[in-house]
Amino acid sequence: MSSRRGIFFNSKSRTTDKIDQLATQISNDIPVSTTISATTTTTTTINNSTTTAKKKIILNHTRRALTKTIYSGPRKIFSTNYKANRTQLNHKAFFGGDADEYDLDNNETKMNTTLQTRAILPKNERKQMHAIVSNIRQPTTCAELDETQSYIDEMDYLLTGFQPEKPLSDRCLSVVKFAELCTKPSFRTHLRTTNALKRVFDLLKDARDIPSLNLCTTFIFYILSSDILITGLNSSAIHFMLDLVKKTSPIDINDQEYKKMKERILTMNQRFLSNHIFYDQRFNSCDIILETFVNLCHNNFKESLKNELRTLGGFDLIIDAIDSIVQDLSNNDFQCYSLIDLSLRYKKVCRYINMLEEFANENSEQSILSSSNTDINRMYIAQCKQYSLFHSQSKLLDLSLIWLQQELSKNTATANTEDSNSCNIFREGCKAIMSILVILTNDCEVNCDRLISDDRFFSNLFRLLVTIEKSSFSSEDKFDALALTLNLLINLVQNTKHIYKRLMEDNMPDSSTLKIYEYLAKLFCEQESSAARAESHEENDWMMEDVNDDDFDEDSDKKATKENGANFNRALQKAAGHMENTFVAAFTGVILAVILLRDRTAYITQIRELMPQKKFDTMAFILKKFFVFMHMSHAFTPSGVKILEELISMVLTLCG
């Protein structure tokens, strides 16, 4: 341990004892003389040697102390971090050192060698030197700045390509590139914040006169309409879109630039949008703008923009497109088109019909002024171009029934999934036709009279009822089609003076001996029986607990209570199929009740004979239940409430 003792101490802590020991050792090595003079000389010599030895040791000590201050070799044991001011133990030097720190003669050469060399550490032990940078940006901030700079660069480049003095091919490519960038949500976000659309449309004002540029510009509107947050499509944009359609120049068949842009846009639509709504035979600027209006209707089209669209001739474009597609379908049918091509055209015309329904539909939350505008829009759509929409709807319903019956027969024989999908397409088309006609005939005697003047359409209504009732559709799908068709029949019977006679006198279509009213009474009994069987599993009929016959007097004011409201919400969760059966029975009962209201004495006996137990009690119960449900759900118009109360009061007088 004597060789390692110096490790724990600094060289400056050595005492003079060590020096005295060294002096004694030196004196022992000198021989002693016998004479006094020799002794004296020797003593002097010893004293000189001692002095010299002390000086040498002191010099060596001083040199070592100086060298240790700059020594940075691996044998350094304690190191001090000047920032943290803490001492750390060099464990490698402590446990691995085997040299005597006080062996001055041996350490002198090693010390000199150490001072001239610098320790080289392995790469894995080297400290990494990091540059300290203040105000570091977050990664998200850097990404946003990068997106913003990319947007600015791209817009500057594209706006340069939009300039009218540029070649036509460059302008078309710039517009298509801009439309492609608009498919990215991040790019549309910058468009919304920078209001750059106005600059784009100002540079493309001359597009209406150039067919290829016109086509590319309309496609920009279609891409932007798919974004529900876009704010640039205002009244001026509606004007510009309709100008692109109405004032476009005739298309040259040999226009290579137009063909190239058309092919490029169709390819881009399939690549980025993946919605099969365009087809080559009808792909033009008008078709793109109409699909743009379809998207805008899905995104809550403003009432003011609906009025703009009507006054600028937008409704006329939609109705003409519907008539054109229906005419194309009736002329070609399956002889020219495959099922896929036929379905593509059929779904397009259904989208246009649903768009008109949005324009004509009245929102329950809108103001009185908006309601009056909706009535104007509804009458304009119905009477546009001498009821052109009614003619196309009648023709489309006829085609839909033919195709639906064909596909249903195929589906029954083969149980093919493709046939099932086609059946759903044609069923949805029938629902779209019924839905818009229900809106156009509501409280409008003129439209009802015009619609029933088409005998083919009137018979197709009952043909549709029979087809849907006997189909293999689910109960929910059946209910939608049956309810809409019966609702249309209610409007026709209620708003016309002589249609009830046809219901009592005419036979069902397809050479049937069954009268129409007999079919309706049969449908009522079947649906009521199905609802009764389903309701038998419930503990009580909550809707009819507090309902009395006096509640349906003309002077009564039946109001829904909070308790009934809570029961209503609970019943909606339990009532699955039997509520649908109850609704269909109620719609049928309303039609029969309107017939009795028109001429009670002539038809009361015929209808009573077809009722359950040959009484009107069941009809009264179903109508009261239907009234309570619709009253609690706030689904009635004031005129509807008044008419239904009148019917229930009349049926109650016939009970007993």
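The expected span of a helix is 1.5 Å times one less than its number of residues. Keep that handy for the first exercise, and remember that the model here is predicted.

**Exercise 1. Work out how the span of helix H9 compares with the expected value, and say whether H9 is mostly covered or mostly open.**

Solution. 
- Step 1: Find the helix. H9 covers residues 211–225, which makes 15 residues.
- Step 2: Check the span. From the first C-alpha of H9 to the last it reaches 21 Å, close to the 21 Å expected at 1.5 Å a residue.
- Step 3: Look at the cover. H9 is mostly covered, with 15 of its 15 residues buried.
- Step 4: The chain has 28 helices and 2 strands, and buried residues make up 44% of its 656 residues.

**Exercise 2. Decide how many disulfides the model has, using Cys-172 as a test case.**

Solution. 
- Step 1: Set the cut-off. To count as a disulfide, two cysteine sulfur atoms must lie within 2.5 Å.
- Step 2: Take the total. The count for the model is 0 disulfides.
- Step 3: Note the surroundings. Cys-172 is buried, with a relative accessible area of 0%, and Cys-297 is buried too, at 6%.
- Step 4: Look at another residue, Ser-174. Ser-174 sits in helix H6 (residues 168–181) and is buried at 10% relative accessibility. Apart from neighbours within four places in sequence, Ser-174 is in contact with Leu-158, Gly-161 and Phe-162.

**Exercise 3. For the salt bridges Lys-198 to Asp-202, Asp-280 to Lys-262 and Arg-463 to Asp-510, work out where the partners sit in the chain.**

Solution. 
- Step 1: Get the total. The model has 23 salt bridges.
- Step 2: Take Lys-198 and Asp-202, whose side chains meet at 3.3 Å, N to O. Both lie in helix H8 (residues 197–203), and because they are 4 residues apart, about one helical turn separates them. Lys-198 is exposed at 53% relative accessibility, while Asp-202 is partly exposed at 37%.
- Step 3: Move on to Asp-280 and Lys-262, with their closest N and O atoms 3.5 Å apart. This pair links distant parts of the chain, 18 residues apart: Asp-280 is in the loop between helix H11 (256–273) and helix H12 (285–298), and Lys-262 is in H11. Asp-280 is partly exposed at 46%, whereas Lys-262 is buried at 17%.
- Step 4: Finish with Arg-463 and Asp-510, where the closest N and O atoms are 3.4 Å apart. Arg-463 is in helix H20 (residues 455–470) and Asp-510 is in the loop between helix H22 (499–505) and helix H23 (516–535), so the bridge ties together parts 47 residues apart in sequence. Arg-463 is buried at 11%, but Asp-510 is exposed at 56%.
- Step 5: Look for shared partners. Arg-427, Glu-428, Lys-431, Asp-477 and Asp-480 are joined into one network in this way.

**Exercise 4. Describe the setting of Lys-515.**

Solution. 
- Step 1: Lys-515 is in the loop between H22 and H23.
- Step 2: Lys-515 is partly exposed, at 26% relative accessibility.
- Step 3: Compare sequence with space. Lys-515 and Glu-505 are 10 residues apart along the chain, and 6.7 Å separates their C-alpha atoms.
- Step 4: List what it touches. Not counting residues up to four places away in sequence, Lys-515 touches Met-504, Glu-505, Asp-506, Asn-507 and Met-508.

Terms used
Residues numbered from 1 in each chain as written. Predicted model: local features only at pLDDT ≥ 70, side-chain atom pairs only at ≥ 80, totals over all residues. Heavy atoms only, no water. Buried < 20%, exposed > 50% of the residue type's maximum accessible area, 1.4 Å probe, protein only. Contact = heavy atoms within 4.5 Å. Salt bridge = Lys/Arg side-chain N within 4 Å of Asp/Glu carboxyl O.
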